[in-house]
Amino acid sequence: MSAVLDRRGFIAASLAGAGALAFEARISLADTPGAVPLNAFIRIAADNKVIIGSKNPEIGQGIRTMLPMLIAEELDLSWDQVVIEPTLANDKIYGVQSAGGSNSTPNNWLPMRQVGAAARAMILSAAAREWGVEAASLTTATGKVSHGPSGRSAPYAAFARGAASEPAPDLAKVALKDPSRFTIIGRSKINVDTVAITQGKPLFGIDVDMPGLLHGAIIKAPAHGATIASHDPAAALGRKGVIAVVPVNSNSVAPNKFDTLVVVADSWWTAKNAREAVKVTWDDAEQAGFSTEAYDKGAAAAFAAGPQIAHAKNGDVAKALAGAAKTITADYSYPFLAHGTLEPQNCTGRWVDGKLEIWAPSQAPNNGRNDTAAMLGIKGEDITIHQTRIGGGFGRRLINDYMVMVAQVAKAMPGRPVKILFDRTDDLRHDYYRPAGWHRFTAGLDAKGDLIAFKDHFVSFGKDGKPIRAAEMSPFEFPVNVLADSEIGITYLPTNLATGWLRAPTSNAISFVYQSFMDEIAQAAGIDLPELMRRTLGAPRDLPVVPGRPVLNSGRARAVIDGVCKMANWQGGKLAPGPKGEKRGRGFGFYFSHRGYFAEVVDVTITDGTNVRVDKVWACGDIGSQIINPINARHQVQGAVNEGLGQGMVEQKIEQVKGVVQAESFGDFPLIRIEQAPREIAVQFLKTDYPPTGLGEPSLPPVIPALANAIFATTGQRLRQLPLKLA
């Protein structure tokens, strides 16, 4: 095992307690002299450094820094005395541990502060007992306890052992700081891993190394969903360094089937090259009929036939459209997308005496534990999961196929650690893709130009009348949820592709089609999109989104719309030509998702008739009452904007022929490059009296329609299909 992983693994283990409640955990520190655990998250060292366990997966969103900030704030520490280490994955001790849905902030905003506040209360009790004074007469600051009347002061370390023996307070009753007293929350903190990343130090799952490590390269059927009919590994096993060829189930096919072979060797290069020597026949007859061309024909046929399912129906939209002063109709579509993580999928496992140890770059490690335990027929508590840093997730690593596969290989190689690694082609061709979709819209305006009727026929993928994963759509999509006469009908097509959530799932696509079509409605009404949004949103009130989920407040929506228009000095989409007669224009987009409100404006320049250059983006967001780490918040918005622009303008699409995905590398599925990114992304947050929420996703969706609307304002071409491409 590498030195880094030795240290990380040890500290993570020492942070993990045996108790069911994190705060009650008491941990032996035999190998860390002088450090005292107060609970599963906090240890105090003899030099008054405070080690804080960060429990959630780090995928570049900054959570490894942000969660300890919440604990450190209530524990009244100075930030320079904080040492951050990742915990093991163990939801029985640490609660929910996942990176998805922008849920980490709303889920942890209070609990992590309570953990820190409770530890502070224990230190005060210990100090009061030792000094023979009332706890209420003591104060804390920068990791020290002070007693004003006597002038005494001592670091937390002086009371750590006494505090550890104090009864744990009730977390629900522990006093929390007033936000006006925050000294860490709301102050920019550099990411804890930044220095190590810039120095190329091993932090990621792909970096895991240890003595005796074996390497596995995968063989999968070209066509998704195919299983192994037969295989002959003899020629591969005859190569020097090749140790085994193991059939595994990636958890995507029936329990008694295998859909993957893992070639195990003493190096990954040997394993990779040995794949060509394995003879495999696949049971793939059912997959050959699926293709991008067939999907497009299926969508066209669905539009001609009408929706299969009435998804939302308000009033009588047919009658309203018949009586409208003006109607607008348009078709929109978007393709399947891969996640394109720079660090391809990988996982390391070791099976010893019936127990499994895993090093996993997973966004949902405890779900992976459950899947792995079920596949191996063992108990979840017999699996230890180390959380490595993740080199890009975007939802791909919510699916733990790599964890399930390495577990089967490790069990076949008892006592030997083994790492499986996808190459780039493996990763792009065997992703869990964002589903494609098609929309046929019709809208009606009254004589005043107000939107009075709206209809959408949505075509995507599903089975037995239900959407497959990530093909879901809300029946309360705006403006359907505010109009008396509106409806959404759905038709589901079959596919053999495995699907999954992509950053801002469903919203990344729905925002493009809805806000682009709303821009068309605004044009027909003779106004701009921000004004149409204000009119249609109406007075401030809560609007339904999905039962059981946060509502859309029209007042908050209008505030970010007004905010971004002020930031960008919005006066419509027309801009003066640039140098040499270059065409310039701007577009607007709004979207509410994952509890966050964002409105964005994009400025573009069109050169040589068809080349689109994004000059600047303005983003105005409302994610509640507190920005916990301002520098990280700004960077998250800027990263989301760049990712959204990539989906819109750099030819990202997954195409399929006879059941087989065609992309092999980033040449076929490009990511946005530095020279294509906007020169400036201005970010502003509006603080409101709502609990803080996450930022990983809500700022992405509106930038795609804002880009499309900017291109229309500049050229007059309405692009209704992603990726956007001028004729």
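**Entry 1. Terms and model**

I take a residue as buried when its relative accessible area is under 20%, and as exposed when that area is over 50%. I note at the outset that this is a predicted model.

**Entry 2. Helix H16**

With that cut-off I looked up H16, residues 554–568. Its buried residues are Ser554, Arg556, Ala557, Val560, Ile561, Gly563, Val564, Cys565 and Ala568. I then listed what these buried residues pack against: helix H15 (529–537), and the strands S24 (542–543), S25 (552–553), S26 (583–593), S27 (596–607) and S28 (611–622).

I checked the length of H16 next. The helix has 15 residues, and at 1.5 Å a residue it should span 21 Å.

At its start, a side-chain oxygen of Asn553 comes to within 2.9 Å of the backbone nitrogen of Gly555. Just after the helix, Asn569 has a positive phi of about 50°.

**Entry 3. The sheet S1-S2-S3-S4 and helix H2**

I recorded an open sheet of four strands in the order S1-S2-S3-S4, with mixed pairing. S1 and S4 (82–86) are the edge strands, each pairing on one side only. H2 packs on this sheet and touches S2, S3 (50–54) and S4. The direction of H2 makes about 130° with that of S3.

For the pair S1 and S2, I noted an antiparallel sense over two bridges. Pro37 has Arg43, in S2, as its bridge partner.

I then turned to H2 itself, residues 63–75. This helix has 13 residues and reaches 18 Å from its first C-alpha to its last, close to the 18 Å expected at 1.5 Å a residue. Is H2 largely enclosed by the rest of the structure, or largely open? I found that 13 of its 13 residues are buried, so H2 is largely enclosed. Asp76 follows H2 and has a positive phi, near 60°.

**Entry 4. Asn39 in the loop between S1 and S2**

I looked up Asn39 in the loop that links S1 (36–37) and S2 (42–44). Its relative accessible area is 0%, so Asn39 counts as buried. Which backbone nitrogen does the side chain of Asn39 reach at 2.7 Å? I found that of Phe41. The side chain of Asn39 also reaches the backbone nitrogen of Ile42, at 3.0 Å.

**Entry 5. The sheet S6-S7-S8**

I recorded an open sheet of three strands, ordered S6-S7-S8, with antiparallel pairing. Its edge strands are S6 (138–141) and S8 (152–155), and each of them pairs on one side only. From one strand to the next, the twist averages 20°.

S6 and S7 (144–147) run antiparallel and are joined by four bridges. Leu138 stands opposite His147, which is in S7.

Most residues other than glycine have a negative phi, and most peptide bonds are trans.

The bond joining Phe478 and Pro479 is cis, with omega about 15°. Pro479 lies in the loop between S22 (466–467) and S23 (485–493). The bond from Leu722 to Pro723 is cis as well, with omega near -10°. I placed Pro723 in the segment after H18 (703–715).

**Entry 6. Positive phi in two loops**

I looked up Asp608, which is not a glycine and has a positive phi near 55°. Asp608 is found in the loop between S27 and S28. Its relative accessibility is 71%, so I count Asp608 as exposed.

Lys658 likewise has a positive phi, about 50°, although it is not a glycine. This residue is in the loop between S29 (656–657) and S30 (660–661). Is Lys658 buried or exposed? Its relative accessible area is 62%, and Lys658 is therefore exposed.

**Entry 7. The annotated domain**

Last, I consulted the UniProt record. The entry, which is unreviewed, places the feature "domain: Aldehyde oxidase/xanthine dehydrogenase a/b hammerhead" at residues 199–286. Over these residues I noted 12% helix and 35% strand. The end C-alpha atoms of residues 199–286 are 49 Å apart.

How values were computed. Residues numbered from 1 in each chain as written. Predicted model: local features only at pLDDT ≥ 70, side-chain atom pairs only at ≥ 80, totals over all residues. Heavy atoms only, no water. UniProt positions renumbered as here; feature names shortened; annotations may be inferred. Buried < 20%, exposed > 50% of the residue type's maximum accessible area, 1.4 Å probe, protein only. Polar contact = N/O pair within 3.5 Å; in protein donor to acceptor, adjacent residues only side chain to side chain. Expected span 1.5 Å × (residues − 1). Contact = heavy atoms within 4.5 Å. Pairing = 2+ DSSP bridges. Axes fitted to C-alpha atoms, helices over the stretch in contact; angles between N-to-C directions.
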